[in-house]
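Keep the sequence and the picture side by side, and try each task before you look at the solution.

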Amino acid sequence: MTDASRAVLVLGGARSGKSAFAENLVLSGEGTAHYIATGRAWDDEMQDRISHHRERRGDGWTTHEEPLALTDVLQRLDQPDNVILVDCLTLWVTNLMMEEGRDVESAFSALVAHVGIARARIVFVSNEVGLGIVPENRMAREFRDHAGRLHQQIAAVAREVYFVAAGLPLRMKG
């Protein structure tokens, strides 16, 4: 981590309040608010979730929908006056895993390298998936393992890390 790291990692379970907390972090500071959405609307339920997030955010955000090339978008937006919310890393991991031939670990390395030198403030949201039972199938276990490794790498370079449960943030770092 460089002393200039401005990254924040917000972890939590499903419906824990992590996205709302992260949105408030972005809006409580100064700068232009950007939202990078990594989710894909594969079905009606996911489309409803995306719509709910859009409605809750309201105006004042520039939205970028990018399911795969996350680091490219972050590099393009890397200006000191930008505050970028990435929601969420676990959906990005899923997207990477679903793309045949994609080198997931290489994508992680590129992201972590950028975060360590980024001039923009970046707030990452991600689902903590390692607190439950061991998944029953190989792909789910690989997903859990990828997510856990990515969280460790981002937490290592982030200035602040929070864990959110029941809408309550616990500061873990910073």
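This is a predicted model: local features need pLDDT of at least 70, side-chain atom pairs count only at pLDDT 80 or more; totals for chains, interfaces and linings use all residues.

**Exercise 1.** Leaving aside its neighbours within four places in sequence, which residues is V164 in contact with?

*Solution.* Residues are numbered from 1 along each chain as its sequence is written, and side-chain values use heavy atoms, with hydrogens and water left out.

Step 1: look for contacts, meaning heavy atoms within 4.5 Å. With those sequence neighbours set aside, V164 is in contact with V10, L11, G12, G13, S16, G17, K18, F21 and P169.

Step 2: check the accessibility. V164 has a relative accessible area of 1%, so this residue is buried (buried is under 20% relative accessible area, exposed over 50%, partly exposed in between, with a 1.4 Å probe and protein chains only).

Step 3: compare with V134, which lies 30 residues away along the chain; the C-alpha atoms of V164 and V134 are separated by 22 Å.

**Exercise 2.** Find the largest nonpolar core and say how many residues it has.

*Solution.* Step 1: recall the term. A nonpolar core is a set of buried Ala, Val, Leu, Ile, Met, Phe, Trp, Tyr and Cys residues joined through side-chain atoms within 4.5 Å.

Step 1: count. The largest such core has 32 residues, and L74, V86, L89, W92, L111, F124 and I154 have the most contacts inside it.

Step 2: see who contributes. At least two residues of this core come from each of β1 (8-12), α3 (70-76), β4 (82-87), α4 (89-98), α5 (104-117), β5 (121-127) and α6 (138-157). The most come from α5, which gives six residues.

Step 3: zoom in on W92. Not counting residues up to four places away in sequence, W92 touches T38, P67, L68, L70, A107, F108, L111 and L150. Apart from this core lies another, of 17 residues, with L25, V26, Y35 and V123 among them.

**Exercise 3.** Is D87 buried or exposed?

*Solution.* Step 1: locate D87 in strand β4.

Step 1: read its relative accessibility, which is 8%, so D87 counts as buried.

Step 2: list the surroundings. Beyond four places in sequence, D87 is in contact with S19, Y35, I36, A37, T38, H53 and V125.

**Exercise 4.** How many salt bridges does a search of the whole structure find?

*Solution.* Step 1: start from the idea. Side chains of opposite charge can pair when their charged atoms come close. Here a salt bridge is a side-chain nitrogen of Lys or Arg within 4 Å of a carboxyl oxygen of Asp or Glu.

Step 1: the search finds six of them.

Step 2: take D78 and R119, whose closest N and O atoms are 3.9 Å apart. This pair links distant parts of the chain, 41 residues apart: D78 is in the loop between α3 and β4, and R119 in the loop between α5 and β5. D78 counts as buried at 9% relative accessibility, while R119 counts as partly exposed at 42%.

Step 3: Salt bridges that share partners join R121, E160 and R171 into one network.

Note on methods: Helices (H or I, at least four residues) and strands (E, at least two) are DSSP runs, numbered from the N terminus.
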